[in-house]
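Trainee: I've got a new model open, and I'd like to learn how to read it. Can you walk me through it?

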Amino acid sequence: MTTLTLVQGDITRQTVDAVVNAANSSLLGGGGVDGAIHRRGGPDILAECRKLRASHYGKGLPTGRAVATTAGKLDARWVIHTVGPVWSGIEDRGELLASCYRESLRVAAELGARTVAFPAISTGIFGWPMDDGARIAVRTVRESADPAVEEVRFVLFDEHAYTAFEDALR
Ligand code: AR6
């Protein structure tokens, strides 16, 4: 059984097996969660990301997919990088956002991670409306979490995000 929990705070301060990064397809860093993870996790994460770009992901990691690296100096074993879709008011990209949660959990289960921390993917720089992003996150994790993953922890940066996830959980 997987328990879903909510925490308001900084995802880089969590003690978990795997921290999910809201990355971009370059895997070479950015702002938001991505910037914070590389800053606190140190250069080993970027070094592994560069290796992934030089091998399996020459064109970058496609949107909706996930891949793991070391967590460097974070209090975790792995960082699972996933690429959320940029919000579009014209096209429904919800399935791609769901895929980020599903694929990250699949990678987590393959690694043997029992606790996984997620940020609210795509709801920052990529512009996804928080309420909708929260609904997709909660629904997808409920539908797809491997029971070997004991805890999925959503780490929400501010009260607005926390409330949106609280509502989605009900
Ligand atoms: N801990 C938890 N949540 C955070 C943190 C943190 N330290 N920092 C920000 N958030 P974003 P995206 C929240 O922008 O929308 C990067 O440049 C934030 O308030 O990190 O998927 C990447 O390289 C928001 O609710 O990710 C990509 O280019 C949520 O985390 C692009 O941004 C996600 O915001 C990805 O954009």
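Trainee: What share of the contacts in the chain with a separation of 6 or more comes from residues 24 or more positions apart?

Mentor: A contact means heavy atoms within 4.5 Å. Here, residues 24 or more positions apart account for 70% of the contacts with a separation of 6 or more. One caveat before we go on: this is a predicted model, where local features need pLDDT of at least 70 and side-chain atom pairs count only at pLDDT 80 or more, while totals for chains, interfaces and linings use all residues. Residues are numbered from 1 along each chain as its sequence is written, and side-chain values use heavy atoms, with hydrogens and water left out.

Trainee: How many helices and strands are there?

Mentor: Elements are DSSP runs numbered from the N terminus: helices are H or I with at least four residues, strands are E with at least two. The chain has five helices and six strands. Reading from the N terminus, the order is β-β-α-α-β-β-α-β-α-β-α.

Trainee: Why does the radius of gyration agree with a compact globule?

Mentor: The radius is taken over C-alpha atoms, and the globule rule is 2.2 Å times the number of residues to the power 0.38. For 170 residues a compact globule would come out near 15 Å, and the chain has 14 Å, so the two agree. Along the principal axes, the C-alpha atoms fill a box of roughly 40 × 35 × 25 Å.

Trainee: What percentage of the residues is buried?

Mentor: Buried means under 20% relative accessible area, exposed over 50%, and partly exposed in between, using a 1.4 Å probe and protein chains only. Buried residues make up 50% of the 170 in this chain.

Trainee: Which residues touch the most other members of the largest nonpolar core?

Mentor: General idea to start with: in soluble globular proteins, nonpolar side chains tend to be buried together. A nonpolar core is a set of buried Ala, Val, Leu, Ile, Met, Phe, Trp, Tyr and Cys residues joined through side-chain atoms within 4.5 Å. The largest one has 35 residues, and Tyr101, Val116, Phe118, Val141, Phe154 and Phe165 touch the most other members. Elements giving it two or more residues include strand 1 (3-8), helix 3 (94-111) and helix 5 (159-169). Helix 3 supplies the largest share, seven residues. Apart from this core lies another, of 18 residues, with Ile11, Val19, Cys49 and Leu74 among them.

Trainee: Is Cys49 buried or exposed?

Mentor: Cys49, in helix 2, is buried, because its relative accessible area is 0%. Leaving aside neighbours within four places in sequence, Cys49 is in contact with Leu27, His38, Thr69 and His81. His81 is 32 residues away along the chain, yet the two C-alpha atoms are separated by 9.2 Å.

Trainee: What does the side chain of Asn21 make a polar contact with?

Mentor: A polar contact is a pair of N or O atoms within 3.5 Å; within protein, one must be able to donate a hydrogen and the other to accept it, and residues adjacent in sequence count only if both atoms are side-chain atoms. The side chain of Asn21 pairs with that of His81 at 3.2 Å. Asn21 is in strand 2 (residues 18-23) and counts as buried because its relative accessible area is 0%.

Trainee: Which residues have a positive phi without being glycine?

Mentor: Most residues other than glycine have a negative phi. Ser122, in the loop between strand 5 and helix 4, has a phi near 70°.

Trainee: And the ligand: which residues come nearest to it?

Mentor: A residue is near a molecule if one of its heavy atoms lies within 4 Å of it. Of the 22 residues around the ligand, Asn24, Gly31, Val33, Asp34 and Thr123 come nearest. An oxygen atom of the ligand is 2.6 Å from an N or O atom in the side chain of Asn24. A ligand nitrogen atom is 2.9 Å from an N or O atom in the side chain of Asp10. By the Shrake-Rupley method with a 1.4 Å probe, the protein covers 90% of the 710 Å² of accessible area that the ligand has on its own.
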